[in-house]
Amino acid sequence: MHAEHFTGLAQSETDESGRVQPIRVGVIDDDPMICQAMSLILTDYSQGRLAVAFTSADGEACVRQATEQQPDVVLMDIAMPGVDGIEATRRLRALPHAPHVLILTSLSPSGTVERAIEAGAEGFVSKTDAPDEIIRRIIGVTEGTPQFNTASQRQLIDELSRTRSRMRRDDARALLDSLPEREREAVMLAAEGYTNAEIASRMFISERTTKAHLSSAADRLNMGRVQMARLVERADLPARL
């Protein structure tokens, strides 16, 4: 790797003598071989821009070490015994001298990206990324730029979409639950395509009462019949026996 790979990157902090100080990095992974390999990458390929402050194979221990060593960035594995990477990230970000945290992963199980962001992570680094890419992400996060690779961006978009879908479903269910029981039943049957006469027959009420139930529900929800059918569709309720 050549030095020109890093042109245009912001300079690291300097000490009182004007010497450039390396970005100090903690590496956390339950596999000591990963810690060793990542340490070699950061030391050998960064041209002195990065220095490994400590490594740890334990989420709880890494918080203690970070408190003592005060690294600038921590590369954090997710799956660890005891305190996992998500909880360790949350604890690191609560420290007085909180380091930036990049999640170190080879796979992104469902929910990982969203949970990691909520815990305070600012990006992801794949264990299979090229050395210059890993180094770029570490330097980039210290400059205030979130570091999300294509896979983590895609997962975040998918998770946000699922969350939005769940919120729409839950809101629809709450609206239906706000109706009196008989009005709700009439709305559900109407959404299934039954006519007023068929609804009346199934509910053992008159067609006039059916119309009254549907009209009252429409007023409460401020919706027409078609809109109420769409509401039932969004609620995605379990099939009735």
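A residue is called buried when its relative accessible area is under 20%, exposed when it is over 50%, and partly exposed in between (1.4 Å probe, protein chains only). By this rule five of the six residues of strand S4 are buried, so S4 is largely enclosed by the rest of the structure. Across the protein, buried residues make up 39% of the 241 residues.

The structure is a predicted model, in which local features need pLDDT of at least 70 and side-chain atom pairs count only at pLDDT 80 or more, while totals for chains, interfaces and linings use all residues. Residues are numbered from 1 along each chain as its sequence is written, and side-chain values use heavy atoms, with hydrogens and water left out.

**Sheet**

The secondary structure comes to ten helices and five strands. Helices (H or I, at least four residues) and strands (E, at least two) are DSSP runs, numbered from the N terminus. Five strands form an open sheet in the order S2-S1-S3-S4-S5, with parallel pairing; two strands pair if DSSP finds at least two bridges between them. Strand S2 (50-56) and strand S5 (124-126) are the edge strands, each pairing on one side only. On average, neighbouring strands of this sheet are turned by 25 degrees against each other, direction ignored. Axes here are lines fitted to C-alpha atoms, for helices over the stretch in contact, and angles run from 0 to 180 degrees between N-to-C directions.

Strand S3 (residues 73-77) pairs with strand S4 (residues 100-105) in the parallel sense over five bridges. Val-74 stands opposite Val-101 in S4, and Leu-75 has Leu-102 as its bridge partner in that strand. Helix H5 (residues 131-142) lies across strand S1 (23-28), S2, S3, S4 and S5, and runs at about 155 degrees to S4.

**Cores**

A nonpolar core is a set of buried Ala, Val, Leu, Ile, Met, Phe, Trp, Tyr and Cys residues joined through side-chain atoms within 4.5 Å. The largest one has 21 residues, and those with the most contacts inside it are Ile-28, Cys-62, Met-76, Leu-92, Ile-103 and Ala-116. At least two residues of this core come from each of helix H2 (59-69), S3, helix H3 (85-93), S4 and helix H4 (112-119). A second, separate core of 19 residues includes Ala-186, Met-188, Leu-214 and Ala-235.

Contact means heavy atoms within 4.5 Å. Not counting residues up to four places away in sequence, Ile-28 touches residues including Cys-35, Phe-54, Cys-62, Val-74 and Leu-104.

**Helix pair**

The axes of helix H7 (residues 181-191) and helix H9 (residues 207-221) come within 9 Å and cross at roughly 95 degrees. That makes H7 roughly perpendicular to H9, a label for angles of 65 to 115 degrees, where under 35 counts as roughly parallel, over 145 as roughly antiparallel and the rest as oblique. H7 contributes Arg-182, Glu-183, Ala-186, Val-187 and Ala-190 to the contact, and H9 contributes His-213, Leu-214, Ser-216, Ala-217 and Arg-220.

Most residues other than glycine have a negative phi, and most peptide bonds are trans.
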